[in-house]
Amino acid sequence: MRDVVAGVLQRRRERFDPLASTPWLVETSVMRVQRVVTNETCNQNCWFCNARRAAEQPEFVARPAVRRRILEARAGDTQEIWLTGGEPTLRSDLADLVRRAAEGGKRVVLETNAALIDEPRAQSLVAAGLCAARVQLVAWGPAADAITRDPGGFDAAIRGIRALAAAGVSVEVTTPIVRRNASLVVALPGEIAAAALPVTGLVLVVPTAAPDPRECAPLEDVAAAVTAIADSARGLGFAVRFDQATFVPPCIFPKPERVAHLFALNRGYASLPGFARVDACGACVVSDRCPGFPEAARSSPLSKTVRPIVAHRVRRRLTVLSSIAEQVAREAVGRDVLRSSVYGAVPEYTVRVNFHCNQGCEFCFVSTHLPPAAEETVRAAIAAAGRERAVLVLSGGEPTLNPNLCEYVRLAKRLGVRCVELQSNAIRLADAALTRELVDAGVDRAMISLHGSTAEISDAITGAPGTWAATVRGLDRLAEADLPVRLNFVFCRTNYLDFPRYVDFVAARWPRVGIVFSFVAAHTDVVPRTPDLIPRFSDVLPPLLVGLERARAAGIEVSGFDSMCGLPLCLVPESERGGFSRLPATTDSSVGEFVKGEACVGCVENYRCYGVRRGYAELYGTGELCRQSAAPAATEAQDGCSP
């Protein structure tokens, strides 16, 4: 039997179809994930599926055999074990398999159609150690039943999803894009949102092989469907990404920048079985991390007419630095030290409660294509912040898209954090009830991103037309709730001349808010390092000075100059430097990210100045810096948190 299984494994690896019958034990080495097939029959019979068998192989499905596969999957540095099929819920011993897979603290994920899951079974799976589920929905409503050939299966799946979520399982929806549903899947984000289905996001799968090859969608249909799904989901603030086993070349999309957040490419994907490059790949800047076209699709007319990607800003947005799991772990929780003139060095935790966002700012350094961190990761970070009496910043992506946000705030207050700050674009805070619930839960202050005085400027930056007006309404609700607010204005090429008008707009509408100065930074590889995005310091300073004069006249505080997102201190207007902390600049978060120039040698500000972002220095050098021989006396300044 082992030889038979080995042969199946080899054939499936050669085919490398994400919906092919899964090998008995598949390691996704980049993510340290092992997928264990529990059985090969299914209660549904999708037209495109390669995984389903008409009958089980007794030796393969026997309990000792499956338990042995789980034991082997747990070996080494495995982090996650996915139980898959066929349909695993056909097994009566599934809870026992989950329990065995979870031993040693492994995270267990169930791949299922959920049609056979009710509340008691969901609770038994959670008690056994189930953490997450990936539930396939091929369409919404009766159309799904026509594709799965399972009358009533869609309604049963929706009940199963709700049962899993109610039991505490994190649920993602997986959706294959095939010929039969390519025109139907566009509706999924809206239908899921309208039904308030408790899922964390949508994972897209693109099969390239099927029992009948005509069931696979042409690449041009895939591109159209995925683009429409991404556009719909962005407007709803709904997370969408490609499955890690799905590889479609980004060059098939007419505008790859519109779907770049769905990809998570790295150099480990440059060569995969079943894929090959076409002539146009030679000029593409992502050819070092893209495997090319599926062999089955190379005869497609689209594969012969694609335009290679030549923009490095698109390449950066298609990329993750390592694996998805490792990047989530890297970005989900950040620790820093808040330099306060009053309280000294205060620990600060930034917790990204999700990564997806309902805007798409080009200068955003957050990997918005990532799935959310595990619930236990978020709660553990909040608990750690409480133990240290830290300032807790709840951020994202856009954190108001997380339905648990208010509970996180309440948890933080119970556990003793010093201060809770919400970082948001305030679009959803236009809902007065949500704003009031967050304030009542214990949010102490908010920092709201608003990058222009007009919709034309702001919407061009955020890539989300109509959201400037929504942010303004959200700020109105915050003002009504009397919550301390600072506005984050990121100076970039598009808006730096707007700053004086921005100050006038803020002073007229919200005279009690403050403004945080931020300078666009090529902070990670996803942010373009280009003059089209990043202006020179010397260009920004004249409108900045005019805006500061207007802010002082209106009684509006402008801060942030001495942060890592501020300016080299020698370029900060002298009128703004007196209130800076005398504490040295922290280095843990900035090693390798900042550089200093010749003028920094002997500068009296050197010890508390971060210097210049490396990406800026690569563009413009450090010649704008000037040595300071005397520093103004520091004054007491509040950091907005209670001691």
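A search of the whole predicted model finds nine cavities of 30 Å³ or more. A cavity is a set of points, on a 1 Å grid over the protein atoms alone, where a 1.4 Å probe fits but cannot get out; a pocket is an open set with protein on both sides within 12 Å along at least five of seven lines; and lining residues have an atom within 4 Å of a point. Grid points are joined across faces, edges and corners, and a volume is the space filled by probe spheres set on the points. The model is predicted, and local features need pLDDT of at least 70, side-chain atom pairs count only at pLDDT 80 or more, and totals for chains, interfaces and linings use all residues. Residues are numbered from 1 along each chain as its sequence is written, and side-chain values use heavy atoms, with hydrogens and water left out.

The largest cavity holds about 150 Å³ of space. It is lined by 19 residues, and those closest to its centre are F537, M564, G566, F594 and R613. Two or more lining residues come from each of β20 (612–613) and α21 (614–620); here helices (H or I, at least four residues) and strands (E, at least two) are DSSP runs, numbered from the N terminus. The lining of the largest cavity comprises 14 nonpolar residues, four polar and one charged. In this division Ala, Val, Leu, Ile, Met, Phe, Trp, Tyr, Cys and Pro count as nonpolar, Asp, Glu, Lys and Arg as charged, and the others, Gly among them, as polar.

The volume of the second largest cavity is about 130 Å³. Of its 13 lining residues, F242, D243, T246, F263 and A264 lie nearest the centre. Eight residues of this lining are nonpolar, three are polar and two are charged.

The structure holds 18 aromatic pairs. Rings of Phe, Tyr and Trp (its six-membered ring) pair if their centres lie within 6.5 Å; planes under 30 degrees apart count as stacked, over 60 as edge-to-face and the rest as tilted. F263, named above in the lining of the second largest cavity, pairs with F253: the ring centres are 6.1 Å apart and the planes stand at 90 degrees, so the pair is edge-to-face. Both residues belong to the loop between β8 (240–242) and β9 (275–276), ten residues apart. F253 and F263 are both buried, where buried means under 20% relative accessible area, exposed over 50% and partly exposed in between (1.4 Å probe, protein chains only).

In another pair, the rings of F489 and F499 have centres 5.3 Å apart and planes at 50 degrees, so this pair is tilted. F489 lies in strand β16 (residues 485–491) and F499 in helix α18 (residues 499–509), ten residues apart. F489 is buried, at a relative accessible area of 0%, and F499 is buried at 1%. Both belong to one aromatic cluster, formed by F489, F491, F499, Y502, F517 and F561. The buried residues of α18 include F499, P500, Y502, V503, F505 and V506. Among the elements that cover the buried residues of α18 are α17 (467–480), β16, β17 (514–519) and α19 (537–554).

The second largest pocket contains about 1,400 Å³ of space. Its lining has 50 residues, and S170, E172, T200, P372 and A373 lie nearest its centre. At least two lining residues are supplied by each of β3 (80–84), β4 (107–112), β5 (130–136), β6, α8 (188–194), α12 (324–332) and α13. Helix α12 gives the most, with five residues. The lining of this pocket divides into 31 nonpolar, eleven polar and eight charged residues.

Two of these elements contain residues with a relative accessibility of 0%, T175 and I382. T175 is placed in strand β6 (residues 170–176). A polar atom of the T175 side chain lies 3.0 Å from the backbone oxygen of L137. Not counting residues up to four places away in sequence, T175 touches L137, N181, V185, L188, L202, V203, L204 and V205, where contact means heavy atoms within 4.5 Å.

I382 is part of helix α13 (residues 375–387). Neighbours within four places in sequence aside, I382 is in contact with L392, Y408, L411, A412, L415 and V417. I382 and L415 are 33 residues apart in sequence, while their C-alpha atoms are 7.9 Å apart in space.

Key. Polar contact = N/O pair within 3.5 Å; in protein donor to acceptor, adjacent residues only side chain to side chain.
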